[in-house]
Amino acid sequence: MNANADNSSSTGDVGRRNIVTLQSHILEEQLRQPHATGMFSWILSALSISAKMIAASVRRARLEDVLGSVGGHNVQGEQQQKLDVIANDILLRNLGNRQGVAIVASEENEEPVILRAQNDGETRYCVMFDPLDGSSNLDVCGAVGTIFSILRKDRRSARVEDSLLQPGSQQVAAGYVLYGPSTVLVLTIGSGVHMFVLDPSIGAFVRVAENLRIPQRSKSYSLNEGNRLSFPQGYQDYLHWAQQNGYSSRYAGAMVADVHRILLKGGVFMYPPTAKAPKGKLRLMYEANPMGFIIEQAGGKALTGPGARILDVQPIDIHQRTTVILGSSDEVDHVVARL
Ligand code: AHG
Ligand code: MN
Ligand code: MN
């Protein structure tokens with residue numbers, strides 16, 4: 001029997017079963033903003049198209065022999081994978097023709113790319129991204145992702161580049177795409193966190209969850225325990241306590257995959273200072289800030305240390321690194337209580 005017919009007397013049920021694509025979700029949000037011009041929606045659509053193209057490249061990488069490194073290093077001094085470069089190019093080409101984008105900053109480009117320098121009121125946004133997160137997982141068919149953050153251009157800044165250096169609390173939107181067994185896009189525009197799954201048969205992201213809330217507690221931690229001996233003492237004390245209290249350890253080595261699990265199941269994700277990376281390894285502008293925004297919007301906490309929100313950090317460099325402690329609010333508290 002047709003389930004719809006069965007429920008035809010209940011408009012509430014029919015409403016819940018409606019199909020909402022990412023495109024219609026964005027239009028719904030746009031209609032709620034009386035002064036919206038649609039510029040912002042165009043930018044999100046460029047990110048969505050990029051995600052579909054990157055997903056296709058990731059799936060075909062082994063077949064098309066584009067795994068492995070290009071031989072060069074990115075601005076972080078890390079080996080660039082061929083797919084880092086391909087994903088970066090896809091994002092730049094899709095965002096390049098969106099009139100609303102003034103400037104783009106990527107993990108893979110040392111300098112930001114100025115697309116439109118004029119102060120004409122039309123070019124309103126800055127977009128920052130990590131085109132492929134966890135790219136060293138590619139060779140072993142592990143999960144990888146894309147992370148993005150959108151800021152409004154600060155018209156008072158003399159140079160368009162200066163607009164990028166705003167704290168994460170100023171983000172107007174942030175999201176990530178996880179290329180796993182399915183392609184999942186998680187988005188916040190500052191009013192809750194919503195999740196979409198790519199239906200490859202129709203080529204559209206379909207909304208599968210609205211207003212996600214991170215569980216307040218869960219006995220699970222996620223960090224590279226191989227670095228344990230070089231963590232500051234407080235982190236080592238936390239691990240000792242967690243292991244005595246029945247915690248599980250889960251670590252994919254790709255922030256998108258690890259944070260996605262924590263968003264849905266709870267726990268705490270950390271990248272503490274280490275001997276190799278004394279300020280932490282993760283990048284503030286296109287890893288910690290967007291993930292911090294999402295986690296806070298879902299009711300969790302995102303800190304650099306005790307009492308210090310990631311989103312309050314005033315950046316001084318687009319590629320700067322930060323310590324990260326984020327996830328379920330009780331679990332973040334258990335860590336910072338020992339620092
Ligand atoms: P990227 O591939 O964009 O350079 O990011 C890798 C990051 C992040 O995704 C992950 O959480 C972390 O590096 C893993 O680092 P370790 O291998 O040091 O654990
Ligand atoms: Mn990354
Ligand atoms: Mn990356």
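This is a predicted model: local features need pLDDT of at least 70, side-chain atom pairs count only at pLDDT 80 or more; totals for chains, interfaces and linings use all residues.
Residues are numbered from 1 along each chain as its sequence is written, and chains are lettered from A and ligands numbered from 1 in the order in which they are written. Local features need pLDDT of at least 70, side-chain atom pairs count only at pLDDT 80 or more, and totals for chains, interfaces and linings use all residues, while side-chain values use heavy atoms, with hydrogens and water left out.

Ligand 1 is surrounded by 18 residues, each with a heavy atom within 4 Å of the ligand. The closest are Asp 133, Gly 134, Tyr 251, Met 255 and Tyr 271. By class, the shell holds seven nonpolar, four polar and seven charged residues; Tyr and Met count as nonpolar, Asp as charged and Gly as polar.

| Residue | Polar atom | Distance |
|---|---|---|
| Gly 134 | backbone | 2.8 Å |
| Asn 224 | side chain | 2.9 Å |
| Tyr 251 | side chain | 2.6 Å |

On its own, ligand 1 has 470 Å² of accessible area, of which the protein covers 84% (Shrake-Rupley method, 1.4 Å probe).

Two or more shell residues come from each of β5 (125–133), β13 (268–271) and β14 (282–283), where strands are DSSP runs (E) of at least two residues, numbered from the N terminus. β5 gives the largest share, three residues. Ligand 1 lies between domain 1 (3–209) and domain 2 (220–336), because both give residues to the shell; the domain bounds come from an automatic or database assignment.

Definitions and conventions
A polar contact is a pair of N or O atoms within 3.5 Å; within protein, one must be able to donate a hydrogen and the other to accept it, and residues adjacent in sequence count only if both atoms are side-chain atoms. Helices (H or I, at least four residues) and strands (E, at least two) are DSSP runs, numbered from the N terminus.
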